[in-house]
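Biologist: Hi! Could you walk me through this structure, slowly please?
Modeller: Happy to. Here it is.

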Amino acid sequence: METYDLITRNAEEVVTDEEVRELAADPDGKRAYVGYEPSGVLHLGHLLTANKLIDLQEAGMEVVILLADVHAYLNGKGTFEEIRETAEQMKAQFVAYGLDEDNTEFVYGSAFQLDEEYTLDLHELELSTTLNRSQRAMAEIQGDETAKVSHVVYPLMQTLDIEYLDLDLAVGGLDQRKVHMLAREELPELGYDVRPALHTPIVADLTSGEGKMSSSEGVTISMEDSTDDLEEKVNSAFCPPTRDPEGDLENPVLELFEFHVFPRFDEIVVERPDEYGGDLTYDDYESLAADLESGELHPADAKGTLATYLDELIAPGREKLRELR
Ligand code: TYR
């Protein structure tokens, strides 16, 4: 695969394409990151951006995972002690997932965000950014009227992280786009370079195919799920025989194949008894989706196969969590 295609595969958006093409032309040693507010259990949302980091490593880039403890604190996620404990669990799960410690730099936000220089830059940003602008940047993340001052400081710090971690590319889910746009506007104000951003899609809710899969409502798949849980969740998923269901709906089963399974496996085998046509083998998402649409691949077989491969992806993290608890 061409480096540009590898860097941008499964991305919903790149800002700007020109800047990312420039990166792709010379990716060696360039630095990309995703920041995560520590949470005790990784779910598919985390793994989607993690897959992108794995692509970027393969493309020759250096990858940084920010364990955003100060951000989690600003977001009311607990005491620093609690947050650090969850961060350690989170790190262990990322390593188990395949972001090994030799190739991934794990950084705590508090390791640099409390330094004097950072703090002074933060105050300068506070002076140059309107409340309104900063609050809008947080809208998709926080989205409520009762926002505290911490919620407007948050995106300003996320902006500075891009400079202080010496990054060439900021990666996040589509829900991070407003913060990244703010960063693109504000970094030059402080005399720092604008960096490109890459956004991964938001996967639809598993059972309805609507909106987004989230840990707060609906069904999520996480490192905690047993093989049986996975089977049950995937079997009850919405899976019409089309890539493009009516209205705003998505096919979450196909999305999981596309964003989670195919990036991590060279070949997918759908096991079927001979009387049902025997095994099917796919080496790319397109051919699997086409077979689902034509009726060659039955949704029930697609789901069974999806559950098996997700189980394989999750198993090491699940094991790690067991050890930690
Ligand atoms: N805003 C991210 C989230 O919603 C977390 C984050 C924090 C990302 C700081 C980057 C960053 O620099 O999870």
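Biologist: Let's start with Arg84: is it buried, partly exposed or exposed?
Modeller: Arg84 counts as partly exposed, with 36% relative accessibility. Here buried means under 20% relative accessible area, exposed means over 50%, and partly exposed is in between (1.4 Å probe, protein chains only). Before we go on: this is a predicted model, where local features need pLDDT of at least 70 and side-chain atom pairs count only at pLDDT 80 or more, while totals for chains, interfaces and linings use all residues. Residues are numbered from 1 along each chain as its sequence is written, and side-chain values use heavy atoms, with hydrogens and water left out.

Biologist: Which residue forms a salt bridge with Arg84?
Modeller: That is Asp69, with the closest N and O atoms 3.3 Å apart. A salt bridge is a side-chain nitrogen of Lys or Arg within 4 Å of a carboxyl oxygen of Asp or Glu. Asp69 lies in helix α4 (residues 69-74) and Arg84 in helix α5, so this pair ties together parts that are 15 residues apart in sequence. Helices (H or I, at least four residues) and strands (E, at least two) are DSSP runs, numbered from the N terminus.

Biologist: And Asp69, is that buried or exposed?
Modeller: Buried, at 0% relative accessibility.

Biologist: How many salt bridges does the structure hold?
Modeller: There are 21. Another one joins Arg243 and Glu293, at 3.3 Å from N to O. Arg243 lies in the loop between α10 (227-235) and α11 (252-261) and Glu293 in helix α12 (residues 285-294), so the pair ties together parts that are 50 residues apart in sequence. Arg243 is partly exposed at 30% relative accessibility, and Glu293 is partly exposed too, at 35%.

Biologist: What about Arg272, which residue does it bridge to?
Modeller: Arg272 pairs with Glu296, and their closest N and O atoms are 3.8 Å apart. Arg272 is buried, with a relative accessible area of 11%, whereas Glu296 counts as partly exposed at 39%. There is also a network of salt bridges that links Arg9, Lys52 and Asp55.

Biologist: Switching to rings: how many aromatic pairs are there?
Modeller: The count comes to seven aromatic pairs. In Tyr36 and Phe94 the ring centres are 4.8 Å apart and the planes are at 40 degrees, so the pair is tilted. The rule takes rings of Phe, Tyr and Trp (its six-membered ring) with centres within 6.5 Å; planes under 30 degrees apart count as stacked, over 60 as edge-to-face and the rest as tilted.

Biologist: Where do Tyr36 and Phe94 lie?
Modeller: Tyr36 is in strand β2 (residues 31-36) and Phe94 in helix α5 (residues 80-97), so the pair ties together parts that are 58 residues apart in sequence. Tyr36 is buried, with a relative accessible area of 6%, and Phe94 is buried as well, at 0%.
Modeller: Then look at Phe112 and Tyr118, whose ring centres are 5.7 Å apart with planes at 80 degrees, so that pair is edge-to-face. Both are buried, and together with Tyr164 they form one aromatic cluster.

Biologist: Which charged residue lies over the face of Tyr97?
Modeller: Arg264 does, at 4.5 Å from the ring centre. Likewise, Arg21 lies over the face of Tyr4, at 3.8 Å from the ring centre. For this, NZ of Lys or CZ of Arg must be within 6 Å of the ring centre and within 35 degrees of the ring normal.

Biologist: What domains does the assignment give?
Modeller: Domain 1 (3-200) and domain 2 (227-324); such bounds come from an automatic or database domain assignment. Their C-alpha centres lie 30 Å apart. In domain 1, 15 residues are in contact with twelve residues of domain 2, where contact means heavy atoms within 4.5 Å.

Biologist: How much area is buried between domain 1 and domain 2?
Modeller: About 1300 Å², of which carbon and sulfur atoms give 66%. In domain 1, Asn10, Leu44 and Tyr97 lose the most area to domain 2, together 38% of what that side buries. Buried area is the accessible area (1.4 Å probe) that two parts lose on being put together, summed over both.
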